[in-house]
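Colleague: Please put the model up. I have a few things to go through.

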Amino acid sequence: AQVTSFLQPVERKVARRLSTPSLEVLAEDGSTRLSLAHGADFGEQVYNHGGSGQAEGPLVFVGLAAHPLDYGAYRGLDLNGKIAVLLKDDRAPAFDSEALIRGARALLVITDDADPHTDWAVATGAYMEYPQFPILHVRPEAADRLLADSGYDVAALREELATFRERQDSAGWFTLPLGVQARTRVELSEP
């Protein structure tokens with residue numbers, strides 16, 4: 001009798017971690033005030049432009065009015081030197097490309113799915129595209145600790161977004177400086 005299987009081999013690519021990724025809140029003197037735990041609080045992502053990089057800068061929340069926004073809708077969005085923060089359920093497709101174009105140093109996405117992902121199937125999707133920068137998924141509880149000095153938590157960011165959507169004028173987005181300096185580093189091998 002011939003044995004058949006529905007299982008098929010799948011080739012996967014893996015980017016090895018060259019060091020443990022970090023995400024820190026900085027004190028005014030530049031020292032580390034809070035370190036989040038890799039794997040428990042946040043995880044690196046390699047979809048689209050996610051990959052290796054280091055960033056230090058102010059956190060800024062980016063809220064979007066609708067999806068999808070075309071390139072022209074982002075006119076005036078200045079993320080130069082900043083670390084952009086957004087909610088996963090508010091992230092527009094390919095927002096990482098817009099964030100890079102507009103000068104963001106890293107992207108923090110608040111989501112319950114914050115497990116590190118450094119592997120992918122060859123046949124699907126775009127991964128570790130150049131240029132690369134850190135894209136980190138941060139659990140909401142960890143984001144609340146990250147934002148503790150800002151006067152905001154994840155619930156308050158959701159309220160700001162809801163208010164913006166109710167009174168939306170011509171802009172398809174808004175930014176909210178959070179008054180928190182952060183630093184992140186991700187070092188991955190080529191797959």
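Colleague: Arginine 17 first. Is it buried or partly exposed?

Modeller: Arginine 17 is partly exposed, at 38% relative accessible area. Buried is under 20%, exposed is over 50%, and partly exposed is in between (1.4 Å probe, protein chains only). This is a predicted model: local features need pLDDT of at least 70, side-chain atom pairs count only at pLDDT 80 or more, and totals for chains, interfaces and linings use all residues. Numbering runs from 1 along each chain as its sequence is written, and side-chain values use heavy atoms, without hydrogens and water.

Colleague: What does arginine 17 form a salt bridge with?

Modeller: Glutamate 44, with the closest N and O atoms 2.4 Å apart. A salt bridge here is a Lys or Arg side-chain nitrogen within 4 Å of an Asp or Glu carboxyl oxygen. Arginine 17 sits in the loop between β1 (12–14) and β2, and glutamate 44 in strand β4, so the pair ties together parts 27 residues apart in sequence. Strands (E, at least two residues) and helices (H or I, at least four) are DSSP runs, numbered from the N terminus.

Colleague: And glutamate 44, buried or exposed?

Modeller: Buried, at 1% relative accessibility.

Colleague: How many salt bridges does the structure hold?

Modeller: Ten. One of them joins arginine 183 to glutamate 24, at 2.9 Å between the closest N and O atoms. Arginine 183 is in strand β10 and glutamate 24 in strand β2, so that contact ties together parts 159 residues apart in sequence. Both residues also belong to a salt-bridge network with Glu56.

Colleague: Which residue is the bridge partner of glutamate 24 in β10?

Modeller: Arginine 183 again. Strands β2 (residues 22–26) and β10 (residues 173–186) pair antiparallel over four bridges. Pairing takes at least two DSSP bridges between the strands. On accessibility, glutamate 24 is buried at 16%, while arginine 183 is partly exposed at 25%.

Colleague: How many bridges join β5 to β10?

Modeller: Eleven, and those two strands run antiparallel; β5 covers residues 53–64. Proline 58 stands opposite glutamine 181 there. Alanine 55 is also in β5, and it is buried at 3% relative accessibility.

Colleague: Switching to β7. Why does it count as largely enclosed?

Modeller: Five of the five residues in β7 (residues 106–110) are buried, so the rest of the structure largely encloses that strand. Ala106, Leu108 and Ile110 point one way, Leu107 and Val109 the other. In a regular strand, side chains alternate between the two faces of the sheet.

Colleague: What runs alongside β7?

Modeller: Strand β6 (residues 83–87), parallel and joined by five bridges. Leucine 86 stands opposite valine 109.

Colleague: Backbone next. Where is the cis peptide bond?

Modeller: From tyrosine 130 to proline 131, with omega near -5 degrees. Proline 131 is in the loop between β8 (119–121) and β9 (135–138). Methionine 128 is found in that loop too. Its phi is positive, about 50 degrees, although it is not a glycine. Methionine 128 is buried at 6%.

Colleague: What about the phi of asparagine 48?

Modeller: Near 50 degrees, a positive value in a residue other than glycine. Asparagine 48 is in the loop between β4 (42–44) and β5, and is partly exposed at 24%.

Colleague: Last one. Which residue meets arginine 139 in a salt bridge?

Modeller: Aspartate 115, at 2.9 Å from N to O. Arginine 139 is in the loop between β9 and α2 and aspartate 115 in the loop between β7 and β8, so parts 24 residues apart in sequence are tied together. Arginine 139 is buried at 16%, and aspartate 115 is partly exposed at 37%.
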